[in-house]
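Please look over the following model, residue by residue.

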Amino acid sequence: MIIATGVKKYYGATPVVDDVTVTIPSGGVTSVIGPNGAGKSTFLSLVSRLMGMDAGSVTVEGLDIANTPGDKLARRLSILRQDNHMAARLTVHDLVSFGRYPHSKGRLTVEDKGHIDRALDYLNLNDLRNRFLDELSGGQRQRAFVAMVLCQDTDYVLLDEPLNNLDMKHAASMMKLLRRAAAELGKTVVLVLHDINFASWYSDHIVAMRDGKMVRQGTPEEVITPESLRAIYDMDIDVREIDGRRITLFYG
């Protein structure tokens, strides 16, 4: 599991992540939700050590990220940032192979190539493996980046707004794929989401943030309620069940 204790991050005198203590369970899908400016992406960056904390601690399966060697941490935890743009002109295969760097240090082995092929196959990218990223649609490109992260073969996969710029159809496909990866590959998937309905349908655990603080955490049934959502978003939100799925309706 991931345990964050008293995590703080300031930009100048402004707290962006303000004394967050939360436990993210092993296995399944955990969604981090909340309004813009809640500190969700910053919190994910702190957990993955992309950004340094000003206070607090984070452990991943007992490993303190503050003093765990980078190559060791990179074999347990991977992250896909929101700004996942590449300046170089790469093929899908080239991009996915970057996921093996913590293991191969750039010298791909037969085992590494097997991981690359499996990741391409899992994301249905075999037909696109030799295409350049700038030749792909937004949905195809996002799948390629997710394949790169899965190719790293870590227990924990962190994704910052993986549905960004995807239409509803491709967003639903991505969530089904991540749900499948958690179930079939035994991954712990942690993602920042803005869509409450996707969080409700596909998550096992939800962490809700507002103004840099953790304000709710629990199962979808515990967090996706009108009372909780009002506290998170400061607006009236109705929750209804349709075919066993919770649907949120905003009233402003």
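Q: Which helix holds the place of serine 200?
A: This is a predicted model, in which local features need pLDDT of at least 70, side-chain atom pairs count only at pLDDT 80 or more, and totals for chains, interfaces and linings use all residues. Residues are numbered from 1 along each chain as its sequence is written, and side-chain values use heavy atoms, with hydrogens and water left out. Helices (H or I, at least four residues) and strands (E, at least two) are DSSP runs, numbered from the N terminus. The run of residues 196-202 includes serine 200, and this run is helix H8.

Q: Is serine 200 buried or exposed?
A: Buried means under 20% relative accessible area, exposed over 50%, and partly exposed in between (1.4 Å probe, protein chains only). Serine 200 has 9% relative accessibility, so this residue counts as buried.

Q: Which residues does serine 200 touch, not counting residues up to four places away in sequence?
A: Contact means heavy atoms within 4.5 Å. With residues up to four places away in sequence not counted, serine 200 touches Ile206, Pro220, Ile224 and Arg246.

Q: Which helices do the buried residues of H5 pack against?
A: Asp112, Gly114, His115, Ile116, Ala119, Leu120 and Tyr122 are buried in H5. The partners of the buried residues are helix H3 (92-97), helix H4 (101-104), helix H6 (138-151) and helix H7 (168-185).

Q: At the start of H5, which backbone nitrogen does a side-chain oxygen of threonine 109 reach?
A: A polar contact is a pair of N or O atoms within 3.5 Å; within protein, one must be able to donate a hydrogen and the other to accept it, and residues adjacent in sequence count only if both atoms are side-chain atoms. Here the oxygen comes to within 3.3 Å of the backbone nitrogen of glutamate 111.

Q: How many of the 14 residues of H6 are buried?
A: The buried residues of H6 are Gly139, Gln142, Ala144, Phe145, Val146, Ala147, Met148, Val149, Leu150 and Cys151. They pack against S6, H3, H5, S7 and H7. H6 is mostly covered, and the count of buried residues is 10.

Q: Which residue in S7 does serine 78 stand opposite?
A: S6 and strand S7 (residues 156-160) are parallel and share 4 bridges. In S7, the residue opposite serine 78 is valine 157.

Q: Which residue in the turn between S1 and S2 has a positive phi?
A: Strand S1 (residues 2-11) and strand S2 (residues 14-24) are antiparallel, with 7 bridges. Tyrosine 11 has threonine 14 in S2 as its bridge partner. The two strands form a hairpin with 2 residues between them, and the turn residue with a positive phi of about 70° is glycine 12.

Notes:
Two strands pair if DSSP finds at least two bridges between them.
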